[in-house]
Amino acid sequence: MNEKEKLFRSIVEAAASSSSYACCGKQDITAEDIYGKSRKENVSLARNIAVSLLIAFGFTISSCSIMLNRTTPAIRNMIRMDRQLQETSRVYRIAFRQARNVVRSNIKEEEENKEN
């Protein structure tokens, strides 16, 4: 697995963990749910967070569509939904910020490990 795939997977896992809640030590949403075809509201929101973070960290729409097994118009629709949810949903903004901070801290840790 190359660095790009590691970053992709860490972003998807961060989106899943920030959007889910733990019940009995088990997360409600997993990375497999984001890759899957589920249409549950919470999974869709986590998928939107993942796509917006992927775009923010430099992935293209076409690479997102290939890795998430979606069409390019579907990815564009998720970006549009992200903008709407950022304006209207406080819970979405909180989950987005939490996922972004987790990804940033993971990147910093990896850079520090490379230097040592």
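A polar contact is a pair of N or O atoms within 3.5 Å, where, within protein, one atom must be able to donate a hydrogen and the other to accept it. The exercises below apply this and related cut-offs to a predicted model.

**Exercise 1. Describe the surroundings of Asp 82, and determine which side chain makes a polar contact with the side chain of Asp 82.**

Step 1. Begin with the position of the residue: Asp 82 is found in helix α5, which covers residues 72–88.

Step 2. Look next for a partner of opposite charge, bearing in mind that a salt bridge requires a side-chain nitrogen of Lys or Arg within 4 Å of a carboxyl oxygen of Asp or Glu.

Step 3. Complete the picture with the contacts of Asp 82 beyond its neighbours within four places in sequence, which are Ser 52, Tyr 92 and Phe 96.

**Exercise 2. Find how many salt bridges the model contains, and trace which residues they link.**

Step 1. Applying the 4 Å cut-off, the count comes to two salt bridges.

Step 2. One of them joins the side chains of Lys 6 and Glu 3, with an N to O distance of 3.9 Å. Both residues belong to helix α1 and are three residues apart, about one turn of the helix.

Step 3. Glu 3 also forms a salt bridge with Lys 114, whose closest N and O atoms are 3.5 Å apart. This pair links distant parts of the chain, since Glu 3 is in helix α1 and Lys 114 is in helix α6 (residues 90–115), 111 residues away.

Step 4. Taken together, Glu 3, Lys 6 and Lys 114 are linked in a network of salt bridges. As for accessibility, Lys 6 is partly exposed at 37%, Glu 3 is likewise partly exposed at 42%, and Lys 114 counts as exposed because its relative accessibility is 59%, the threshold for exposed being over 50%.

**Exercise 3. State which helices contribute to the lining of the largest pocket.**

Step 1. The largest pocket has a volume of about 290 Å³, and 13 residues line it, with Ser 44, Arg 47, Asn 48, Asn 77 and Met 78 lying nearest its centre.

Step 2. The elements giving two or more residues to this lining are α3 (41–56) and α5, and the largest share, five residues, comes from α3.

Note on methods:
Residues numbered from 1 in each chain as written. Predicted model: local features only at pLDDT ≥ 70, side-chain atom pairs only at ≥ 80, totals over all residues. Heavy atoms only, no water. Helix = DSSP H or I, 4+ residues; strand = E, 2+ residues; numbered from the N terminus. Contact = heavy atoms within 4.5 Å. 1 Å grid on protein atoms, 1.4 Å probe; cavity = no way out; pocket = protein on both sides within 12 Å on 5 of 7 lines; lining within 4 Å. Points joined across faces, edges and corners; volume = space filled by probe spheres on them. Buried < 20%, exposed > 50% of the residue type's maximum accessible area, 1.4 Å probe, protein only.
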